[in-house]
Amino acid sequence: MKTSLARWLDSDIVHSFRSSPVAMLAAAVALLCVFCSVFAGWVAPHNPFDLSTLELGDARRPPAWAAEGSMKYLLGTDDQGRDILSALIYGARISLIVGLASVLLSVCVGVSFGLLAGFRGGWVDAVLMRLCDVMLSFPAILVALLIAGVGRALFPHAHESLAFGVLILSISLTGWVQYARTVRGSTLVERNKEYVQAARVTGVSPLRIMRRHVLPNVLGPVLVLATIQVATAIITEATLSFLGVGAPPTSPSLGTLIRIGNDYLFSGEWWITVFPGAMLVLIALSVNLLGDWLRDALNPRLR
């Protein structure tokens, strides 16, 4: 008898993944970014948070292959003398944490509201869907700017953890709407099927039916949407940091590095903004390609 691992390796999703070079390359890039971010303390050649190791004399040093470059700083340094490569590794960790946390919060809220609206119907469905319509009428980046700005104004001297919490909340405030509408549509189809009707007849509580029977059958589109939304959340975090209302200035976020490098772009220090921008594009592109593959792999019509 095959083990569960062997059955999983023989599944259609694994076969689709093996037969897609783009998906394999995107997964390798994403895993490399995650690995470097998780083990940044061991992978990064320098610690950009350690102010005692920064040397202002090394500020704005070009990459190692340039005329004035040094092998000590492979990708050069920023205006404070921080190693760009180390800042990219730590900045990617910040972006991934904020992106994953905001998507996780959006999924929890959106799936809960979507299940409740689709299964109960009536005035509950009407109220929740009108709330979704109101949230969709505002651009997501403007809502995030508003929440992040208000949070900074209310807690000007807050700890960095609180600042990151406000940032995650600001990104999640509009992100849950898409999950709610997606789950609601799937739940409207599932609630009229025979297995749900049989569970109702046998006296199973509505909450148990939603959790044990309906939820597993509506998670496919949610998984695909969440994968793609991780890249969107990372870009939103970088945008907010670029505008000065995202990650704290002391944290080398990718958006913060791009904003700093933008001031020196036309004076010749192009590496301060080009490398963080390339890192941001690489992460977002790899996650989006994985999301596109997962969408096709979970669609039975495309198999």
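What pattern does the protein follow when read along the sequence? It runs α-α-α-α-α-α-α-α-α-α-α-α, and the secondary structure comes to 12 helices and zero strands. Helices (H or I, at least four residues) and strands (E, at least two) are DSSP runs, numbered from the N terminus.

Before you start clicking, note that this is a predicted model, in which local features need pLDDT of at least 70, side-chain atom pairs count only at pLDDT 80 or more, and totals for chains, interfaces and linings use all residues. Residues are numbered from 1 along each chain as its sequence is written, and side-chain values use heavy atoms, with hydrogens and water left out.

**Stop 1: the whole protein**

Show the C-alpha atoms. Along the principal axes, they fill a box of roughly 75 × 55 × 30 Å.

**Stop 2: the largest pocket**

Select Ala30, Val34, Thr227, Val287 and Leu290, which lie nearest the centre of the largest pocket among its 18 lining residues. A pocket here is an open set of points on a 1 Å grid over the protein atoms alone, where a 1.4 Å probe fits, with protein on both sides within 12 Å along at least five of seven lines; lining residues have an atom within 4 Å of a point.

Now colour helix H3 (21-38), helix H5 (84-120), helix H10 (206-243) and helix H12 (271-297), the elements that each give two or more residues to this lining. The largest share, six residues, comes from H12. The space in the pocket is about 420 Å³, a volume filled by probe spheres set on grid points joined across faces, edges and corners.

What classes of residue make up the lining? There are 16 nonpolar, two polar and no charged residues. Ala, Val, Leu, Ile, Met, Phe, Trp, Tyr, Cys and Pro count as nonpolar, Asp, Glu, Lys and Arg as charged, and the others, Gly among them, as polar.

**Stop 3: H3 against H5**

Keep H3 and H5 on screen. Their axes come within 8 Å and cross at roughly 105 degrees; axes are lines fitted to C-alpha atoms, for helices over the stretch in contact, and angles run from 0 to 180 degrees between N-to-C directions. H3 and H5 are therefore roughly perpendicular to each other (65 to 115 degrees; under 35 is roughly parallel, over 145 roughly antiparallel, and the rest oblique).

Show side chains for Cys33, Val34, Cys36, Ser37 and Val38 in H3, which meet Ile89, Ala92, Arg93 and Leu96 in H5. Contact means heavy atoms within 4.5 Å. By class, this contact has seven nonpolar, one polar and one charged residues.

**Stop 4: H5 against H6**

Follow H5 to helix H6 (residues 122-136), where the two axes come within 7 Å and cross at roughly 140 degrees. That makes H5 oblique to H6.

Select Phe113, Leu116, Ala117 and Arg120 in H5, then their partners Gly122, Val124, Asp125, Leu128 and Met129 in H6. These residues divide into six nonpolar, one polar and two charged.

**Stop 5: H10 against H11**

Finish with H10 and helix H11 (residues 254-262), whose axes come within 7 Å and cross at roughly 40 degrees. H10 is thus oblique to H11.

Pick out Ala238, Ser241 and Phe242 of H10 with Gly255, Thr256, Ile258, Arg259 and Asn262 of H11, which make the contact. Its residues are three nonpolar, four polar and one charged.
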